[in-house]
Structure formats: C-alpha cells, structure tokens
Amino acid sequence: MSDPIIISVGGGKGGVGKSTISINLGASLVRSGFSVGYIDADLGGANLHTCLGMRRPPATLQHFLTGQCKSLSEVAVKTPIPQSWLISGAGDFLELANPNFGQKQKILSGIKNLKADYIIVDLGAGSSNIVSDFFAAFPNSITVTDCLPTSVENAYGFLKSGIYRGLVRLFPGRNEIQKFIKDFTADKSGQRAPTIDSMLAQMNAKYPQEAEQMEEWLNNRKSFLILNMVRGPDEIRVGEGFTAIVQKYLSVRLRYIGYLIYTPEIRESLRTLGPVVLQNNPKATECFMAIARNLTALLR
Ligand SMILES: Nc1ncnc2c1ncn2[C@@H]1O[C@H](COP(=O)(O)OP(=O)(O)OP(=O)(O)O)[C@@H](O)[C@H]1O
Ligand SMILES: [Mg+2]
C-alpha cells in the first residue's frame, strides 16, 4: 500500500459541519473503493466517535502521548463503516486540548506512519495554534464553511492563520525571518490588507532563498473548499467569491470541490447515528459522491 493521502478538514467557525463532512466524505471514499482512516484532532472537544455511532474508544491519542500505547496504530479502532478506522482525540486530561511542541510532533509523525488510502483529520473550531499547526503539517486541506458572511469571514481567518503559521514554521530558530513574516501580518488599521504576493516580493528583495522556499511550500499545497448548508442556487455561488478573495490575498488556489445542501435528515442522522451516505438520502449522497469524485481526481 502506498503512503496515505492525508487531508485536514477545518473551517474556523464552530458548527459549520466539519465533522459531518469528514465522516460522510470518508464514507463516500469507501464507497468508491478506498480505505479510510479518521483522526479526531478536535482535542478537548472530540466527538467524531459519536458522529460515527460509536462509544468512546478505549484508547485515544492520550494513551499514545502517555506511552500506554506504543504506536498510533494501537489506538485505531474499526468504525461501523467498512474499510475504515478511527483514532479518537477524546480525553479526560485538559492538557490534551493544548499539547506542547513535542507532543504535537509525536502525533504528527505518528499519523504519517499509519496505513489507509486516505486519512481524514477532523480539526477543531477556531484558528488556534494547535489547529493551525495541524493544518500546516499536511499538504492537503479542506476548508468548510456555510454561506453566512460570519462563517465565511472565519473560514478566511482560519486559512490565513494556517498559511502564515506554516510559513513561519519553515524557519525554525530564524528569528529575523519569523519577525518579518509576523510583522507583515500584523493588523495595521487604516492600511490596505497585505497580500502574500506583496510579502513574497519584499521578502525576495531581502532574502531571495527563503522567498523561494516559501513559494515552494505554497505551491505544494492542495487546498479545497466545501460549502455546507446550501439552501438555493444563489448560495452555491458564495464559494466562487470566496476562492477569488483567497487567491488575491493569500495566493492560495482554493479549489471549490462541491457543496452540501441543507437537509434536516443530516441533523437527524446524528440521532440515528451514522453517515447519511450510508442511509437513504439520495440528494445528500449525490452531493458527497460528487465531492469525493472531484477530490480524488485532483489528488491523483
Ligand atoms: N448540510 C446540513 N444540513 C443540516 N444540518 C447539518 C448539515 N451539516 C451539518 N449539520 C448539523 O449541524 C450540526 C453541526 O455539525 P458538525 O458537528 O458536523 O459541525 P462541526 O463544524 O464539526 O462543529 P464543531 O465546531 O463543534 O466541531 C450538527 O447537528 C449537524 O448534524
Ligand atoms: Mg466537529
């Protein structure tokens, strides 16, 4: 089996459907013949097991961090979806919600050694350091938002924090470069918002090699957008406007791979426990199968 394709799923705003999309996208990939791993990286608020219709797994990331489980694969449990496993982030210790640098590195390198065709990493809400670190650590990311302006704004903030965090992380111990990047992003009220392109141009004048490294990191990323809770044709277009803004300010080619309609059955599927893709909901299933098709075509 070749290396897994790891994709983070985030979006800034709480409750926009990150976990719903993670689970159903995974189920759609299984339907398409792939094996799938789920990682619940919503440390402190992990509930992916509940969305999958499972009890809290006996071992979690916490057992891996404390050494009770030697490898992450020991923590993985089968889910009710065939050909899939889950690693849960649920824990009792509050400190898991904010792991230190060494703990994060241990989790991140452990994930890269797991086996599956696709690994879906469900991130928590917000744009905290831990969320941004997980976003930046994997080259593929899905941003989820609903169509409300507040959610779109938070999705932009999530992407911006993750991208800048990833760029800063390229230069460990290089304080002058890190300061250059951080100063550039600092909110200068009254001035036009900075763009990554303009930062790269300034960087290139002063530190050409580092500017090239940053450009390469940005070019190697694959970034996708899924719009959730769409209630009509007008809302579908929100995704196009958002990708244009992200391209302009963050120099990220965000590919709009599909949308999920708003349907009460999706909320209901939480109560009946399980992905809608495996239940009888043709419209939602159609949305997810189209998303899975677009995603796999672009990741090939
Ligand atoms: N397309 C949809 N139509 C109807 N309800 C939806 C849809 N997508 C998600 N929901 C419902 O919205 C609620 C929040 O979804 P979910 O838990 O997936 O969001 P989240 O972004 O993971 O939240 P959190 O930030 O708390 O992790 C759930 O009750 C879910 O069933
Ligand atoms: Mg969630």
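Ligand 1 is surrounded by 18 residues, the closest being Lys18, Ser19, Thr20, Asn228 and Ile261, where a residue is near a molecule if one of its heavy atoms lies within 4 Å of it. This is a predicted model, in which local features need pLDDT of at least 70 and side-chain atom pairs count only at pLDDT 80 or more, while totals for chains, interfaces and linings use all residues. Residues are numbered from 1 along each chain as its sequence is written, chains are lettered from A and ligands numbered from 1 in the order in which they are written, and side-chain values use heavy atoms, with hydrogens and water left out.

**Around ligand 1**

- Helix H1 (18–31), strand S7 (222–230), strand S8 (254–261) and helix H12 (264–272) each give at least two residues to the shell around ligand 1; helices (H or I, at least four residues) and strands (E, at least two) are DSSP runs, numbered from the N terminus.
- Sorted by class, this shell around ligand 1 holds 8 nonpolar, 7 polar and 3 charged residues, with Ala, Val, Leu, Ile, Met, Phe, Trp, Tyr, Cys and Pro counted as nonpolar, Asp, Glu, Lys and Arg as charged, and the others, Gly among them, as polar.
- A backbone N or O atom of Ile261 lies 2.9 Å from a nitrogen atom of ligand 1, and a polar backbone atom of Thr263 is 3.1 Å from a nitrogen atom of the ligand.
- An oxygen atom of ligand 1, in turn, lies 3.2 Å from a backbone N or O atom of Val16.
- On its own, ligand 1 has 630 Å² of accessible area, of which the protein covers 86%; such areas come from the Shrake-Rupley method with a 1.4 Å probe.

**The largest pocket**

- Ligand 1 takes up the space of the largest pocket, a molecule being placed in a pocket if more than half of its atoms lie within 2 Å of its grid points.
- On a 1 Å grid over the protein atoms alone, a pocket is an open set of points with protein on both sides within 12 Å along at least five of seven lines, a cavity is a set of points where a 1.4 Å probe fits but cannot get out, and lining residues have an atom within 4 Å of a point.
- The largest pocket contains about 490 Å³ of space, where a volume is the space filled by probe spheres set on the points, which are joined across faces, edges and corners.
- Its lining has 23 residues, of which Gly15, Gly17, Thr20, Met229 and Leu270 lie nearest the centre of the pocket.

**The second largest pocket**

- The second largest pocket has a volume of about 330 Å³, and Gln105, Leu108, Ala136, Ala137 and Arg169 lie nearest its centre among the 15 residues that line it.
- Helix H4 (101–112), helix H5 (129–137) and helix H6 (149–169) each give two or more residues to this lining, and H4 gives the most, with 4 residues.

**The cavity**

- The structure holds 1 cavity of 30 Å³ or more, and the largest cavity has a volume of about 80 Å³.
- Residues that line the largest cavity include Ser19, Thr20, Cys51 and Pro275, and H1 gives the most to this lining, with 4 residues.
- By class, the lining of the largest cavity has 5 nonpolar, 5 polar and no charged residues.

Definitions and conventions
Polar contact = N/O pair within 3.5 Å; in protein donor to acceptor, adjacent residues only side chain to side chain.
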